[in-house]
Amino acid sequence: MDLATFLVQCLNALQYGLLLFLVASGLTLIFGIMGVINLAHGSFYMIGAYMAFALAPFVAQAVGGGFFATLLVGLVLAVALGYVLEWGFFSFLYEREHLQQVLMTYGLILVFEELRSILVGDDVHGVQPPAWLAGSVPLGDLMTYPVYRLFVSAVCIALAAGMYFVLTRTRLGMMIRAGATNREMVQSLGIDIQFLYRVVFAAGVALAVFAGMIAAPISSVYPGMGNQVLIVCFVVVVIGGIGSVRGALFAALLIGLVDTFGKVVFPQAAGVLVYVMMALILLWKPDGLFRAG
Amino acid sequence: MSAGAKTGGVALAVAAVALALFPLVAGKFGVDLVTKIMVFAILALSLELLVGQTGLVCFGQAAFFGIGAYTVVLLSPQYEAVSIFWLAPVAVLFATLYALFVGALSLRTRGIYFIMVTLAFAQMAYYVFHDTPLGRGTDGIYLYVKPAVEVAGLTLVDLDKPLTFYYVVLGALALTFAFLAVLLRSRFGRALAGVKANEQRMRAAGYSTYAYKLAAFTLSGAIAGFAGVLFAVKDGFVNPELLAWHLSGSLLVMIILGGLGRLQGAVIGAFAYELLRLIFQHEPLFGAFAKHWQLGLGLTIIAMVALLPEGLAGLPAEIRRRRVGRAPRTADADA
């Protein structure tokens, strides 16, 4: 592997890892704070990707179009979706057993997949990145790298920095961190846990939807894309330690590296490498690398 | 015996008789369908032993099932029948050994971490059959000649006949159910219930809980492998999807839907899941929407979670409670 190929693979690994982080950070917070194993989280990613595809014509008609206008509309819809879902489906489940939540969110996956099939159909679609991001930059003498992938990495880094700021420097972030460490204590200190749950859930949904929307031009849009992401994100969450955003970032980048280079170096065993790594890490540290609290 | 236990016993007997008489009224399709569901019911029972009785949520049960099924096909020569009396034990043994290995390692972790480690080991087994020459890839392998059930050259049972095989599977289901029911009443079973309720306390009481959990895990893998043997003989075909996490997930859905903590829940759940799927796929009933059968299934599952906290098997108890007019259950009683 020459230097240019190595560099390209590094950039791919970084971009994949950061995208995983966006989805997994919401999952780990929802799990850590609300104690809900949300299997439908992958569906939010899928919904995001399909929104990037299906909303674009409507947005184009209403405000003259543009990828970013679509992103914005999608984000607003995502927050609304998260709020309504928490209110309608999750709020009555907190006192139930974990496995009841698993069953309900499994039901939601089926419903979302079929609604997607009814509304948009089962075809694979491509999404065009905005024109000014469509080019490539030269890397070395022979290779080029698509600008849009760099853009995705940059956006993810900006969002990660934003999350870091909110979580460590604001009052809301303090409540969220406290909630991930000790839920009962936070509640007994008089913090409105219902409100906190709704904020966290809506933010988690918005992150996953956003990740799906910006990933759409890279990965294309296809049925079943949510389930694939879901399993990898659970791997990220448990490697990082439940409830730990820092752990999720570390684990997502690690998985990005292992998966990307695994496909180049051991193409035969690429699919299983991630699982081997997770098993080894959990046997070494049964609570993940950075467990909150 | 309480009123509930008595009606439960009667219901069980009625169900067994109904299954035994079913082929008299059903056609070829029905017999084939119920045979398949009963194989899944055995598999679901193996998972119920772990999830419902011991409190260990395993997300890799399909691996043991698939290993049992693949062993049968891989060890059968192409043109002659092999005796089931050594084929089945060897297949179950392989599944058991893998369960012992997975259990020994993954029981170091707990909760969601345990769920994910069992998934990881199942995925590793999946890739062995999917990506190495051993499993011959995605297309799977056919079993051309079904194993023979012979004693001294005399064929006792012809597994190639669907009706005969139906009763073999029904017998296997009844045996598995009875075995687990007896096991759970034994000292071992009570210890598992103790581990589920409060593991710390069991340890304080002097039980080596790790050994008990490992024994349950291994036994569960053996039963899953046994179900795999039946599946391979029934369809005469195996492919890597038998080990995929989709099946492990569906199994969890079955037993939760049926109701955890009761053995009959696993069987009811397997039937309910497959029959619901069939109903929503029924074209005359749903027309163009039959294509979107997952929508109906998903909405039904959500409604059941909302209305039946104890699953389908908890329905009679729920009705009894309402009729007696006791105060509604509190959330704590659910935990």
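Student: What makes helix 2 of chain B count as mostly covered?

Tutor: In this predicted model, where local features need pLDDT of at least 70, side-chain atom pairs count only at pLDDT 80 or more, and totals for chains, interfaces and linings use all residues, 20 of the 27 residues of helix 2 of chain B are buried. A residue is buried if 20 or more other C-beta atoms, placed from the backbone, lie within 10 Å of its own, exposed if 12 or fewer do, and partly exposed in between. Residues are numbered from 1 along each chain as its sequence is written, while chains are lettered from A and ligands numbered from 1 in the order in which they are written.

Student: How do you know that the span of helix 2 of chain B agrees with its number of residues?

Tutor: Helices (DSSP runs of H or I, at least four residues) and strands (E, at least two) are numbered from the N terminus, and helix 2 covers residues 28-54 of chain B.

Student: Why is B:V305 called buried?

Tutor: B:V305, in helix 13 (residues 293-307) of chain B, has 25 other C-beta atoms within 10 Å, and therefore it is buried. Leaving aside neighbours within four places in sequence, B:V305 is in contact (C-beta atoms, placed from the backbone, within 7 Å) with A:Q100, A:L103, A:M104 and A:G107.

Student: How many residues of each chain are in contact with the other chain?

Tutor: On the chain A side there are 36, and they are in contact with 34 residues of chain B. Helix 4 of chain A gives the most to that side of chain A, with 14 residues.

Student: Why is chain B described as compact as a globular protein of its length?

Tutor: Chain B contains 15 helices and four strands. Its radius of gyration is 20 Å, close to the 20 Å that the globule rule gives for 335 residues, so chain B is as compact as a globular protein of that length; the radius is taken over C-alpha atoms, and the rule is 2.2 Å times the number of residues to the power 0.38. Of those 335 residues, 44% count as buried.

Notes. Two residues are in contact if their C-beta atoms, placed from the backbone, lie within 7 Å. The expected span of a helix is 1.5 Å times one less than its number of residues.
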